[in-house]
Amino acid sequence: MTLTRRARELVIVATLLAVPVLFLRANLAATEHLNVVDRAILRVSAPLQSGLTGLARGVGNVWTRYIALVHLREDNARLVDENARLRAELVTAQNGAVRTADLEKLLGLRGSLQFDTLSARVIAVETSAFFRVVRVRLDRGEADVKPGMAVLASAGVVGRVQRVFGPYCDVLLAADPKSSIDVVVGRTGGRGVLKGIAGSDRYRTRIEYLERKDEAAEGDLVVTSGLGGNFPRDLPVGKIIKVDKRGFGLYQNAEVQPVVDFGKVRDVLVVVPRESQPIGPLPEPPAGQGAGGDRR
Amino acid sequence: MSAQRATVMILAVYVGLIVTSSLQALLPWRMSTPEVALLVVLYLGLGGRGTAPTHIAVALVLGYLADLFAGSPKGLQALTLGVGMVLARAASSRLDVATPWHTMVIALVATAAHGLLLVAISSSLYQGDATSALGLVPTTAVATALVAPFAFALLRRLDRRLQPDPRALRMS
């Protein structure tokens, strides 16, 4: 390779590498912006992800049934199989009951909220461990959903919509370091900002800017404050598992275990605030189940 | 590198990203996902076939797809994979990737380095907590290393279909 050609290649490589640098500078803060090409690729990909997920679930079901129906030659084998099949059915029924209960809770939550919600189903989960985003399929189109809207599971807060493309959207999990949600400690009323913590072993979050004088303790329930405009008040977020008062200063940190198991979320609701109806408090929950009932 | 080969590699990453994200949605437990795009960058870079500009261009497209699927800022993984391609090409004459063990070790080291670079560049997103993000690096590196021999074998198969003459492949 001649020197000129090598120099020319170096210039081209340097120029090519400058392109993502420029893109990164422009997009580092705002990841929700999608251009026409991005939308097109994501709109093509999301149905494929949805189809693949459905296919894998179907194959899993067929496999379970096959295992339960082979070895039918002798009575003993038949009885063993029947037992296995009944056990499998019991597991399926139990799973169905759990899912039904989950959906019932979602329906109950939907009924108790003072604003519109859209149901959605999770079709794909984070492709990079460094960025915690799940993809959901909405039951309506992008005209109804906008970035920033709250996403809830039956147990509590999942995160917020990061970007929307057609009938799909990406949800930034509350456990992502980019996520910040205004919260209060239910027992004391102390306010803080819930942020995600990157970690490989589990989904973790922590409350920052929680005033040192607030006596937060392990086991305290953390709920949304309703401030900030995206999340309704008093939605469960997590439970405090560790309080850190080390050092000096005005604030303390508290590690929070999310109430939602993000790895198992299958169905969610997207909160769609009405123009004329700002997000407000939830109705008073039944005794003993209050999200923030004992607030000081 | 021919346009056909580049397209096949890009499509392979596209399919890999879709499969990875869909399977993750089905698993009842959380696991670190392999860096599919990085594996293809390593395969192309260490293979050494083709000019540097075409390899970098392919790496940028792969990075763009990875950014799009992961929800990371556009340009982030395009940049890290572009740099990865430059380094892989530079190391191609010095590294032997003849056995699965070699492939795993190289993928492990490369993924760890890629993860560190990714966290370093995007540290502002972690709002002062980039150190906890570093905890993700080892598990992602191990997951990628475990998948690497299979991915390389698959990519070699694809390459053989595109170019039947085995002498044209440096990594046989």
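These questions and answers walk through strands, salt bridges and a surface patch in a predicted model.

Trainee: How many residues of strand E4 of chain A are buried?
Mentor: Strand E4 of chain A spans residues 157-165. The strand is mostly covered. Of its nine residues, the buried ones number nine.

Trainee: Which residue of E4(A) stands opposite A:Val151?
Mentor: Strand E3 of chain A, residues 150-152, runs antiparallel to E4(A). Three bridges join the two. Four residues lie between these strands in the hairpin, where A:Gly156 has a positive phi near 160 degrees. Opposite A:Val151 stands A:Gly159.

Trainee: What is the bridge partner of A:Val161 in E5(A)?
Mentor: E4(A) also pairs with strand E5 of chain A, residues 168-173, through six bridges. The two run antiparallel. Their hairpin has two residues between the strands, and A:Gly166 there takes a positive phi near 60 degrees. The partner of A:Val161 is A:Val171.

Trainee: Is A:Arg163 buried or exposed?
Mentor: A:Arg163 sits in strand E4 of chain A. Its side chain makes a polar contact with the side chain of A:Asp170, at 2.7 Å. The relative accessible area of A:Arg163 is 2%. Buried means under 20%, so A:Arg163 is buried.

Trainee: How many residues apart are A:Arg187 and A:Asp220?
Mentor: Their side chains meet in a salt bridge, 2.8 Å from N to O. A:Arg187 is in the loop between strands E6 and E7 of chain A, and A:Asp220 is in the loop between strands E8 and E9 of chain A. The pair links distant parts of the chain, with a separation of 33 residues.

Trainee: Which residue forms a salt bridge with B:Asp159?
Mentor: B:Asp159 lies in helix H7 of chain B, and its partner lies in helix H1 of chain B, so the pair ties together parts 154 residues apart in sequence. Both residues are buried. The closest N and O atoms are 2.7 Å apart, and the partner is B:Arg5.

Trainee: How many salt bridges are there over all chains?
Mentor: One joins the side chains of A:Arg191 and A:Asp182 at 2.8 Å. A network of salt bridges links A:Lys195, A:Arg206 and A:Glu208. Over all chains, the count is 11.

Trainee: What is the relative accessibility of B:Val147?
Mentor: Helices H5 and H7 of chain B each give two or more residues to the patch. B:Val147 lies in H7. B:Val147 counts as partly exposed, at 31%.

Terms used
Residues are numbered from 1 along each chain as its sequence is written. Chains are lettered from A and ligands numbered from 1 in the order in which they are written. This is a predicted model: local features need pLDDT of at least 70, side-chain atom pairs count only at pLDDT 80 or more; totals for chains, interfaces and linings use all residues. Side-chain values use heavy atoms; hydrogens and water are left out. Buried means under 20% relative accessible area, exposed over 50%, partly exposed in between (1.4 Å probe, protein chains only). Two strands pair if DSSP finds at least two bridges between them. A polar contact is a pair of N or O atoms within 3.5 Å; within protein, one must be able to donate a hydrogen and the other to accept it, and residues adjacent in sequence count only if both atoms are side-chain atoms. A salt bridge is a side-chain nitrogen of Lys or Arg within 4 Å of a carboxyl oxygen of Asp or Glu.
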